[in-house]
Amino acid sequence: MVVGFEVIRLHRPRRSRSIGFAFPLPPARSHAMIRTLLAVLVLVLPSAAFATEPGWKAGFAAVKITPAQPMWMSGYASRTGPAEGTEIELWAKAAVLEPAGAPPVVLVSLDLVGIDRDTSLAICKVIVDKHKLPRANIAISSSHTHCGPVVGKNLRSMYFFDDAQGKLVDAYTDALPGLVLKAVDAAVAAKQPVELSWKTGTAGFAVNRRENKEPDVPMLRENGLLKGPVDHDVPVLAARDAKGKLTGVIFGYACHATVMSYMKWSGDYPGFAMLDVEKANPGAVALFFAGCGADQNPLPRRDVELAKKYGKQLADAVIAVLAKPMTPLPAEASAAYREIELPLKEIPTREEFLKQADAKDKFVAARAKLLLKQLDAGKDIPSTYPYPIQSWRLGKDLSLVTLGGEVVVDYSLRLKKDLGGNLWVMGYANDVMAYIPSARVLKEGGYEGASAMIYYGLPSVWGVKVEDLIVEEVAKQVKQTRGK
Ligand SMILES: [Zn+2]
């Protein structure tokens, strides 16, 4: 299958107008600063090194990843055929942020429901091979739009399609790393001196979907009766050139991209939000990242006008932040990445899987058959999952934490409380292998706490310690990258 691609909106460095604060360090000096700490690859640039020579370079680019052929859509089990058209194009976008004399950090945002571990590894490999970056410096985020294509084995027990569709999914998956690399290449080529700054805004459309019945939401909202934890923060990171013109903006929100469940390709509300931000800032590339919105829905929903409305609300929040003074970031960064072994509760026996393979629930049966296939191939079913956790420090003390999977809101609320306000948390990052419930949600069960594991093809629910293990590793990395 041919996947169309198109590189757009490159910001070429304007050398003649360079504002002249980017003086790369001699290579020997920057190499000396590379330190490996235990299993964590951490790049530390002491702030003192740049006290007299501040300067970021940044480049942004986007490559179209809308499938060129009608293929199976991701996120909902209820669909019975491939996509029938395009509402808005899907994009792979890249932001390359380079502090003077050090390797850049690269953020990739994808208008996809998620990517599996193998796809993530393949994308990282092409970027690492070509741009010689440490793994820790690359973050791959999925917007979690439910109007994108099925990719790799992500949510594979959810879909029942024929071999022809399977081949399209495989071909799309195979093409994806090359398309992401094109976006990264273009962003690297577009690097130019910029000032980076950040600030957090707010948008109120995310609703805790476990605590509020969907049909009641308009009435509950009107009466101020919506229940359950939410995170309405809209973190914004802006890059401006020497003339103060916005060249790129990264923003996040913790809410499922599930306004639409129809048969058209669309970035859902994040897609509309990015378009609105870009329209208001001609020439700039806007990247959305999904926060800890696994138990949050944009409600009410199922009308494209609502997807546009929430997109505009989010874009307005970003534009409002951009219009006011933002906190400048000195040109320094550090990055850490580690996969921790996240325990599953229990691994059923072969006999139990054989029983499940005959279950009336076709999703339970599909999962059992996938896992039996694995056993038949002589492979074990591991009792833990290599769960990716990553932390970047940008400037003196802004931390961006990325977590794999569909992370519930309790994590961002707890981490921001425990680790201080200058902390952004990205979910759906690097590998979307499952829902990631907090201890509370795991105990309560339900979709996010238990049954969603079936669609992700994992053998059981998570073990009781997941929240503590994740929070412990994040705290360790944030401390490390902040140099405290
Ligand atoms: Zn989801």
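Predicted model: local features only at pLDDT ≥ 70, side-chain atom pairs only at ≥ 80, totals over all residues.
## Helix α5

Residues are numbered from 1 along each chain as its sequence is written, and side-chain values use heavy atoms, with hydrogens and water left out. Helices (H or I, at least four residues) and strands (E, at least two) are DSSP runs, numbered from the N terminus.

## Aromatic pairs

The model contains 15 aromatic pairs. Rings of Phe, Tyr and Trp (its six-membered ring) pair if their centres lie within 6.5 Å; planes under 30 degrees apart count as stacked, over 60 as edge-to-face and the rest as tilted. Tyr 253 and Tyr 269 have ring centres 6.5 Å apart and planes at 90 degrees, so this pair is edge-to-face. Tyr 253 belongs to strand β12 (residues 246-253) and Tyr 269 to helix α5 (residues 268-280), 16 residues apart. Both Tyr 253 and Tyr 269 are buried.

Phe 289 and Trp 424 make a stacked pair, with 6.4 Å centre to centre and 25 degrees between the planes. Since Phe 289 is in strand β14 (residues 285-290) and Trp 424 in strand β21 (residues 423-426), the pair ties together parts 135 residues apart in sequence. Phe 289 and Trp 424 are both buried. One aromatic cluster is formed by Phe 160, Phe 363, Tyr 435, Tyr 447, Tyr 455 and Tyr 456.

The charged end of Arg 135 sits over the ring of Tyr 337, 4.0 Å from its centre. The criterion is NZ of Lys or CZ of Arg within 6 Å of the ring centre and within 35 degrees of the ring normal.

## Backbone geometry

Most residues other than glycine have a negative phi, and most peptide bonds are trans. Leu 299 and Pro 300 are joined by a cis peptide bond, with omega about -5 degrees. Pro 300 is in the loop between β15 (296-298) and α6 (304-323).

Lys 132, not a glycine, has a positive phi of about 50 degrees. Its loop runs between α2 (117-131) and β8 (138-142), and Lys 132 is exposed (over 50%), with a relative accessible area of 65%. His 144, also not a glycine, has a positive phi of about 70 degrees. His 144 lies in the loop between β8 and α3 (163-189) and is buried at 2% relative accessibility.

## Asn 208

Asn 208 is in strand β10 (residues 206-208) and counts as buried, at 1% relative accessibility. Its side chain reaches the backbone oxygen of Pro 229 at 2.8 Å. Leaving out residues up to four places away in sequence, Asn 208 touches Lys 227, Gly 228, Pro 229, Val 230, Asp 295 and Gln 296, where contact means heavy atoms within 4.5 Å.

## Confidence

The mean pLDDT (the predictor's confidence in each residue, from 0 to 100) of the protein chain is 90, and 88% of its residues reach 70 or more. Over residues 1-53 pLDDT stays under 50; for this stretch the model has 124 contacts beyond four places in sequence.

Terms used
Buried < 20%, exposed > 50% of the residue type's maximum accessible area, 1.4 Å probe, protein only. Polar contact = N/O pair within 3.5 Å; in protein donor to acceptor, adjacent residues only side chain to side chain.
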